[in-house]
Structure formats: C-alpha cells, structure tokens
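The tour goes from stop to stop, with something to select at each.

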Amino acid sequence: MFEAKLKSRSQPKLGALAVTFPIPEERYENVILALQNLQIGDVRKQDCCIESIRAPDCPALLRMTNTMANVDELDWLGKQLESFDRYELLQFNAAVERFGLSAADELIDLSFCAREVTVVSDFTDLEKAGKRHYLTVHGACDPKEPENLDGTETALALISGQPGYVTRYGVVYDNGMKLEQAYDRKHLPPIWMAENCILELKIRVTGEDDPKKQEWVQLPASQIKLERAMLRAGIPSCGEMQMLVSDSRFPDEVDCTLDVEHESLFELNQLCRACSNFKEQDFVKLGAVCQMVKPACAANIRQLAENLDQFDFAPNVHVPEELGKYMIQQSGHYEYDENLEDFYNYGDYGVKRMLQEDGVFVDRGYVSYHGTLTLEELMQDDPAERYQQEQEMQMM
C-alpha cells in the first residue's frame with residue numbers, strides 16, 4: 001500500500017529504514033528488531049520520524065512526511081487502506097486534504113468515516129456523480145433504486161444544496177459528516193478480517209470491563225506482534241488475560257472444542273499457523289476428524305491439522321452403501337466402469353471397508369485413520385519425531 005522511510009528524530013545518525021506497510025507477517029519480527037537498532041519502534045510511543053513516503057495509490061499520505069508515528073499505527077493504517085476500493089481511496093485522499101490532516105493517528109480516525117463524503121472529480125458526467133452520491137449517502141440499497149434514479153438531477157441538487165471544497169482530487173461534499181476520534185491513541189481499533197486470518201480474538205486483562213481497554217489480534221501472527229498487543233492492552237501475563245472470539249474460519253466442530261478462555265494465546269496461534277494454507281475443503285475435513293477423534297484442546301487439534309493427510313474423508317457419506325459408491329466411483333482408487341453399474345455391490349464393499357479401516361460416520365461424512373501411531377500418540381507433541389525415533393530403534 002505504501003512505503004515509509006523511518007528514523008529517530010533524536011538520533012538521525014543511526015540511519016533510516018524503509019518499511020512497506022502493511023508489514024508482511026513473515027517480516028514483522030525482523031522489521032521491529034531493525035527499528036529497535038535505530039532506537040525506535042516502541043510499542044506505545046510515536047517515536048518513528050517519517051523521513052519520506054512513497055504511496056502511488058494514496059498520495060495524500062505524503063502529508064505525513066516529517067511527522068511522528070508509532071510503527072503499529074502505520075501498519076494498521078496500511079492494512080485498513082489496503083481494503084479500500086478505488087473510489088474509497090479517492091474519498092480518503094480528498095478528505096485528508098479537505099480536513100488538513102497529516103498525523104497517522106488522525107488518519108486512522110478519518111479511515112472510519114471517509115466513505116461518508118462525496119467526491120466529484122468529473123463534472124462532465126453528472127449522471128454517474130449523482131448515482132455515486134446516492135449510494136454514498138444511502139449505503140446498501142435495492143439495486144433497482146440507483147437504476148431508476150435521475151443521477152443528473154441528484155448531482156445538481158447536491159451541488160446547489162451544500163458547499164463543496166476544492167481539492168486536487170476533486171470537489172468534496174461532507175454530507176454532514178463529523179470527524180470523530182475512533183482511536184484512543186493507546187489501543188488499536190478493530191479492523192477488517194484479512195483473508196489469511198483464521199481466528200480473530202479480543203484480548204484484555206481479566207476482569208476489565210472497559211471496552212476501550214482491549215486489543216484485537218488476528219491469528220496466525222508473529223509472536224512479537226502478539227506480545228506487543230498484550231503490552232498495549234496492559235496484560236502482564238497470559239495467566240491474567242481474557243480472550244473472546246470475535247470471528248473464526250474454523251468449522252463448528254473446532255470452535256466448540258476450543259475453550260478459548262482457558263487456552264494459551266500462543267498455542268491458539270500455533271494451531272492457526274498449522275492451518276494457514278488450508279483450503280475450505282481442508283477445514284471441512286478437519287471438522288470431521290475432530291468429530292471422530294474428539295480432541296480436548298488446541299494442542300490436540302494442531303496435531304490433527306498437521307497430520308490431516310493421515311486421515312481419509314468421504315464427505316456427505318452416511319451409510320455403507322454410500323461409502324462403497326464413493327470409494328469405487330470417486331476416490332480414484334479404482335477404475336470405475338459405468339457399464340458394470342448393476343454388478344457393483346456398494347453396500348457390502350462399504351461394510352468391508354469400514355471393518356478394515358475402523359472408520360466411522362460423522363455428521364460431515366465418513367472418516368478413517370491410516371497412520372502408524374495410535375490416535376492418542378498422534379495428538380501428543382511431535383508425533384512425527386517420535387515415530388522417526390521408534391523406526392530408528394527398530395532398525396538397530
């Protein structure tokens with residue numbers, strides 16, 4: 001979204017670091033360590049002096065040049081703006097100039113309400129401008145409403161009805177928008193759930209009732225990012241932290257197993273990291289495996305996720321005949337001949353398969369385990385390493 005060159009205002013001789021925002025998760029820890037070498041990057045302080053900015057898609061951010069910011073504020077802002085479409089970025093750019101903002105914390109506040117302003121950048125197409133203004137003011141509406149709307153008349157009413165403020169991005173109409181403080185300068189506000197996020201949590205000190213004194217974390221995340229979120233929320237240790245799920249991509253079987261209030265934040269993070277490359281069908285399979293195995297905690301589920309390939313899953317299969325049909329026609333294990341359809345005994349084969357595999361039917365389908373370790377051993381830490389050690393012992 002944008003790149004900022006950060007330095008210490010008090011120690012400029014230490015040099016500057018160019019950081020891309022939002023910071024890629026795999027680089028976050030290295031960026032923080034590099035900033036600390038420049039004596040900046042504090043969790044709470046606005047100690048990063050922005051020497052320069054490169055932001056082709058959001059040139060209004062250049063107004064932050066020579067201001068002070070917190071690195072996590074900049075990271076949050078980059079992530080928020082990354083979710084904006086082209087017109088939303090136009091609204092944001094124009095609103096930044098309209099209100100004369102330049103500090104990162106002010107821009108965070110603006111990002112929550114910039115979509116409320118109308119920007120007219122082309123007065124030769126009043127029909128489009130009017131319909132866009134209608135959608136800005138009314139938000140989600142019946143698709144037929146804009147189609148039946150006289151856009152030109154709506155645009156003319158806008159232009160004559162309220163003052164416009166000329167910016168380099170177009171003429172801005174406020175529509176009664178009020179710029180209010182959404183960010184308290186201590187706790188970063190919630191943000192859209194990224195595609196790579198699997199579990200979003202609210203964390204706060206146990207017993208804390210003030211909704212402002214909490215942080216949102218999206219898992220998986222680097223350990224240092226989680227530690228910094230705990231510091232911002234004033235959480236001294238994991239034992240004094242309360243966690244609440246605000247969103248989850250896990251199937252219901254996993255969500256119901258996780259007793260989040262009694263789990264470790266870092267174990268939940270490890271679980272999410274184990275599922276970071278999962279597709280939708282992998283989550284469905286994990287849910288079915290959890291129904292079969294009945295894991296007790298996040299660590300158990302993580303081991304199942306890491307060893308998911310040791311389970312076979314036939315979705316939407318609930319009786320032996322359906323299982324036999326699935327295995328012969330869809331599993332890829334056999335060459336199916338539709339001309340012999342009447343000669344296949346799906347039911348008997350399904351029963352035989354179940355007895356061989358000790359598989360079970362669950363709500364999502366049929367699940368069987370074909371690993372070497374027992375399920376109890378599989379859910380313990382490092383089952384692969386333990387299996388390798390056992391194999392080496394047998395070969396001696």
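Two strands pair if DSSP finds at least two bridges between them. Keep that rule in mind for the opening stop, and note that the model is predicted.

Select β6 (165-167) and strand β7 (residues 170-173). The two run antiparallel, joined by three bridges. Now pick Thr167: the residue opposite is Gly170 in β7.

You now have an open sheet of three strands, in the order β5-β7-β6, with antiparallel pairing. Which strands are at the edge? They are β5 and β6, each pairing on one side only.

Next come the salt bridges. How many does a search of the whole structure find? The count is 15.

Select Arg115 and Glu88. Their closest N and O atoms are 3.0 Å apart, in a salt bridge.

Are the two partners buried or exposed? Arg115 is partly exposed, at 33% relative accessible area. Glu88 has 17% relative accessibility and counts as buried, because the limit for buried is under 20%.

**Stop three: Arg232 and Glu215**

Move to Arg232, in helix α8 (residues 223-232). Its salt-bridge partner is Glu215, with 3.2 Å between the closest N and O atoms. Glu215 lies in strand β9 (residues 215-219), 17 residues away in the chain. Both Arg232 and Glu215 are buried.

**Stop four: Glu267 and Arg302**

Select Glu267 and Arg302. This salt bridge has its closest N and O atoms 2.7 Å apart. Glu267 is in helix α10 (residues 265-274) and Arg302 is in helix α12 (residues 298-306), so the contact ties together parts 35 residues apart in sequence. Arg302 is buried, with a relative accessible area of 11%.

**Last stop: a network**

Salt bridges with shared partners join Asp72, Glu215, Arg228 and Arg232 into one network. Show these four together, and follow the network from side chain to side chain.

Methods:
Residues are numbered from 1 along each chain as its sequence is written. This is a predicted model: local features need pLDDT of at least 70, side-chain atom pairs count only at pLDDT 80 or more; totals for chains, interfaces and linings use all residues. Side-chain values use heavy atoms; hydrogens and water are left out. Buried means under 20% relative accessible area, exposed over 50%, partly exposed in between (1.4 Å probe, protein chains only). Helices (H or I, at least four residues) and strands (E, at least two) are DSSP runs, numbered from the N terminus.
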